[in-house]
Structure formats: C-alpha cells, structure tokens
Amino acid sequence: MVGGTIAQKVLASHAGLDDAPDPGEHVTATPDWILCHDISAYSGIERMSQLGFNEVARPEDVVLVFDHYVPSPNERISTQMNEMERWVDEQGIEHFFDAGNGISHNVMAEEGYSLPGTLVLGADSHTVTHGAFGAFATGIGHTDLGEVLGSGELWLRVPESQKVVVENTLPDGVAAKDLALAMMREFTTKGAIYDSVEFHGEGVRDLAMHERHTLSNITVEMGAMAGIVPPDDTTEEYLDGRAVREYEPVRPDEDAEYANERTVDASSLEPLVAKPSAVDNIDTVANCAGTDVDHVFVGTCNNGSWADIRAFAERIEDESVARGTDLVVTPGTKEALKKLNASGLSNDIVDAGGMIGTPGCGSCFGAHGGILGEGDTCVGTMNRNFPGRMGPGEIYLASPETAAAAAIHGEITDPREVF
Amino acid sequence: MERVGPAHVLHDDIDTDQIIPGEYLNTVPDAKLGEFVLEGYDPEFADQVEPGDVIVAGENFGLGSSREAAPIAIRNAGVGAVVAESFARIFYRNAINVGLPIVVVPGITDHVSEGDEIRVDVAEGVVENVTTGETFDATGLPEDLLEILEAGGLVEYRKQQRA
C-alpha cells in the first residue's frame, strides 16, 4: 500500500477510510471543529435552515468567534449579532467567543483548539492557519457552512500535496513573515490551487509556533487548500497544558507521494515586502526603501500574536511615529492586548503617536476602523494587498519589524539598518 | 444547461474583494449585491453588465476570501456563466453551491475579445466563441456537482430532493 501525505491521512481518518484516498477523489468527512465568525455564521445559519436542518448536528464541535465587526460599526450589524447570540444559546454552542476576544484563528491557536491530526473546516479563507499545528484546516463558504453545521459532514476533494523543504535557518533581522513572502515568490498566487502544501526542513522546525502560524496562514494566498507543518516537539511543548482535547498527531508516511518538491534556503533570505497590489508581487525592502508611508497597520491573523505585537512594540518604544503617518496596532487576541498593557508597551505605542484597536479583524478586510484614502500608502502586517482591500490606497505587506521601521521613518526602511 | 451571451474579458487573479468589496458584506441584502458586482475591478461594470452576459476570465478567478457574496453578486447581476482558465478553490465550491454556472477552459482569454458572442454548455463541457467559430473543450463538472448546479444550487437541490 502506498503511504499518505498528512492531508491524505487526516482526510482518511475523518472519512472512515482505512487507506489514504487518492488526490482528486471526493470523500465525505466529519470535522473535529467547525469554525465560523460574525460574517459567515450569519449567512451560514440562514443556509442551514434553507437546506432543511433545524438543529446543529454537533454543537460541541462548533467554534464561533465575533471578529470582523467589533465593536459593531452600525445598527444593522448589532442586530445580526444579537440574532447570532440567541442562536448560540438555542443550539447549545459552548465554544462562543463574543466581541473583544480577538481574531478567530488567533483565539483558536492561543486557547488550544488548533491540534495536530484534526480536521478543521472554517468559514473563513484563512482557516489554513491551523495547519501550523499539524491540522488539516481549510476554508469553506456559507452554504457549505450551513451544510456541515446541519449534517455534521461535508464532501471534500482530496488534494495533491506539494512538499517544501526549507534548508538552514533564518538570519538575524529576517522574520517568519519574510519566509512567508519568500514562499509567495516561490509559488505565486496560482502555484498551489487546490493543493496541500507540506513544510519540512530545519528552517521550519526552527520556527516558534507563532512563526509557523504566519507561514501556514499565507498558504491560501497561493491558492492552497491547506498549509501543513508536521507536528514535532515544538508543537507538543506549545500544546502541553493548553490543548482543549486529546489528539493524535499525524505525520506523513515515508513513501508518501508528492506532486513536486521545492527547496528554499532560509539563510539566503532578507526582509521582503509584497508590493501593491498582489500578494506575489515580492521585492526586497531594500529595493523599496524611501517609499512614503501614510499608514502603518500591525495585527491581523497573519502577524497578530503577542510575540508579533511585542516584536513591533519593542522597536517603537522611545521612538516617535513620523509626522504624516498613522499607526494602528490591533492585537490578535484579548490575551495579547492584556500582555501589551501589562508590559507597558501599549503606553509606548500611544506615546509614540500610535492607536490601539480592538482585537479583531479591524480594517484588514476594509469595512471599518482605519480605511485608506485615495493615494494613501500602507505598510501592513496582513496577508492581502488586493486592489481596494482597505479602501482606495495601496498596501505593502511586511513583517512587524519592517512595519516598525516604516512607522518611525515615514518611509519604507530596511529594519536591519535601524534596529 | 446552455448559456449564450456577449463576453466580458477579465485578466488573471480577479479576487473576491474586487468582485464584492468587504464594505457590502452583511450590510447589503443578497438581492442587491448584483448592483455592486466587480466594483473593486471597475466601478462601471455593474452598469454595463446585462442579463445573460458571460464573464471570460484568466487564471485563479475568485481568489481570496470565503465570502459567498462574490458568486452571488455575479449571479444576481444576471451573468449567465463564468468561463475561466482556472478558479480559486473556495470560489469554485461557492459558485456551484449558489448555482452560478462555471467552466474551466485553459488559455481561453487568448481566444476571446470583449463583446464576442460566447456559448457555454456546462453539461457537455463545451465553450464556443460564436463570433470566431472556435470551439473549446471545457473541464466539465463531475456528475454530482452538475446535478447541484442544474438544480440552481445546493439549497434548491435539497428542496427538490425533499419534494
């Protein structure tokens, strides 16, 4: 019998199959977690009813996080949130995180829901993030959410897997975000459509969990169905005392078959940006140095962990944000915000001239809380710089360290020259 | 399931934010989403698109968000079908689930000009540029997904099953 990749093995175990299914096969799988947020749950609940389901099949496996519209920007959204809160109570959903808890993916990671060997179906494209913890995690739409809420299962196409081996480790001054952007340069936005990307090598094993989070999170921008880091000692240590459930780590078989294999040398990387307006429009920070920056945004499900926010805040301490540049810092979770406060770094951000946003998706998806104007240039730690994403301005994607250098100087600046 | 109409030709990597910007999510009823279709790509697009028109796009159409509002906006603007060189994964599922006909034809944008009359037969897996007379084999949908699409989406499919 031919062995399986992590993707094949996790799908097999959740579809009741003994053998790894072939890429391209459709399987009907039962997820461990069904993740939804304030946008997707509102539509998903309606779809569930339209599909003929009155009740959630397994309320104990549903995780609902209010993160996109927090605090509520208007009456219409407030009314929707009230309806969703009633639904949560009616359906007996316990894993409910209301406004202020943070971004769904960051909350799940921090609270010990993201677990090796599990299947996570989330009605948010960045659900791939949980692959950092060895899960097979993928995004679904609102009708699929209604279907899986009501029936407890969903058909999935088994993906091909692409193997990436990251050799050596990142040099000083080069962040996990730079590795993620290097992956975008390698794959482009079309390089992994419908595939699962498996990350191997010393350069990945060397990453802390929040750094793996940044890496897996970007894989949907390559078109990937999942972006998985095989669980190891770092994963186990992170989950020790944190995991909310027991789990069975899944690693690829020795004879697993990959559609292809790429090698990236981490030691050769330098600080990178994704220039407007495509996530694979990669250039070095050095080449973009001197570009005026009107807005700096730090946070999101890509770089919103406490460690990311701290990396930024420690660099802005005792500095001032450049005149004419706005700074918005949005911790990914309530815990990250509390640590920012306890450490005194929140005062440093405010003293430097920055603003601190409510943990959540904030301005990243362009609805409220820091929208760009015509002609504005933003350096942000998010994962998308699509045209018009945050309003009419243009977005450069960068690491927290590069964002700090840009905030202080009001122009794109190589963080290695500053810090 | 056959659709015939003039083509709107779009380039690679049209993302969901361009198809329906985030500001309209949960703030505009589904029935009105068509009025804002592709606003992030071209603010005039919604005024120019006519019922029955066909979108012909490059690679990776619909990349980005899981927002189902994207295919709903296209469907509700009256677009008859989307022919693309490839689709992003979540958009592909969402399109079938909401009953928006889609087919894949690698390289199609090299063979279609703006306004060309396009015939799309989803079930047969054939796309014809009626204006030039060229025909193309499309990657058809598996039978189970075709049934959902022909019913008008998963909700309608379930209603038919229950009836």
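Modeller: Happy to! Two strands pair if DSSP finds at least two bridges between them. Helices (H or I, at least four residues) and strands (E, at least two) are DSSP runs, numbered from the N terminus. This is a predicted model, where local features need pLDDT of at least 70, side-chain atom pairs count only at pLDDT 80 or more, and totals for chains, interfaces and linings use all residues. Residues are numbered from 1 along each chain as its sequence is written, chains are lettered from A and ligands numbered from 1 in the order in which they are written, and side-chain values use heavy atoms, with hydrogens and water left out.

Colleague: Which strands stand at the edges of the open sheet of chain A, each with a single partner strand?

Modeller: The sheet has five strands with parallel pairing, in the order E4-E3-E2-E5-E6. A strand with a single partner has one side left without a neighbour in the sheet, so the edge strands are E4 (95–97) and E6 of chain A.

Colleague: In E5(A), which residue is the bridge partner of A:Leu35?

Modeller: E2 (residues 33–37) and E5(A) run parallel and are joined by three bridges. One of the partners in E5(A) is A:Val120, which goes with A:Trp33. For A:Leu35, the partner in E5(A) is A:Gly122.

Colleague: And in E6(A), which residue is the bridge partner of A:Leu119?

Modeller: E5(A) also pairs with E6 (residues 136–139), in the parallel sense and over four bridges. The partner of A:Leu119 there is A:Phe136.

Colleague: Are the residues of strand E5 of chain A buried or exposed?

Modeller: In a regular strand the side chains alternate between the two faces of the sheet. In E5 (residues 119–122), A:Leu119 and A:Leu121 point one way, while A:Val120 and A:Gly122 point the other way. Buried means under 20% relative accessible area, exposed over 50%, and partly exposed in between (1.4 Å probe, protein chains only). All of these E5(A) residues are buried.

Colleague: At about what angle does H5(A) run to E2(A)?

Modeller: Axes are lines fitted to C-alpha atoms, for helices over the stretch in contact, and angles run from 0 to 180 degrees between N-to-C directions. H5(A) lies across E2, E3 and E5 of chain A, and its angle to E2(A) is about 135°.

Colleague: How do H5 of chain A and H4 of chain B pack, and which residues of H4(B) make the contact?

Modeller: H5 (residues 142–151) of chain A and H4 (residues 89–98) of chain B have axes 8 Å apart, at an angle of about 75°. That makes H5(A) roughly perpendicular (65 to 115 degrees) to H4(B). On the H5(A) side, the contact (heavy atoms within 4.5 Å) is made by A:His142, A:Thr143 and A:Asp144. On the H4(B) side, the residues are B:Arg93, B:Asn94, B:Asn97 and B:Val98.

Colleague: How many disulfides are there over all chains?

Modeller: A disulfide is a pair of cysteine sulfur atoms within 2.5 Å. For A:Cys301, the nearest cysteine sulfur is that of A:Cys364, 6.5 Å away. For A:Cys378, the nearest is also that of A:Cys364, 9.3 Å away. Over all chains, the count is zero.

Colleague: What is the relative accessible area of A:Ala224?

Modeller: A:Ala224 lies in the loop between H8 (209–218) and E10 (226–228) of chain A. Beyond its neighbours within four places in sequence, A:Ala224 is in contact with A:Val128, A:Ala192, A:Asp195, A:Val197 and A:Thr219. A:Ala224 is buried, and its relative accessible area is 4%.

Technical notes: Angles under 35 degrees count as roughly parallel, over 145 as roughly antiparallel, 65 to 115 as roughly perpendicular and the rest as oblique.
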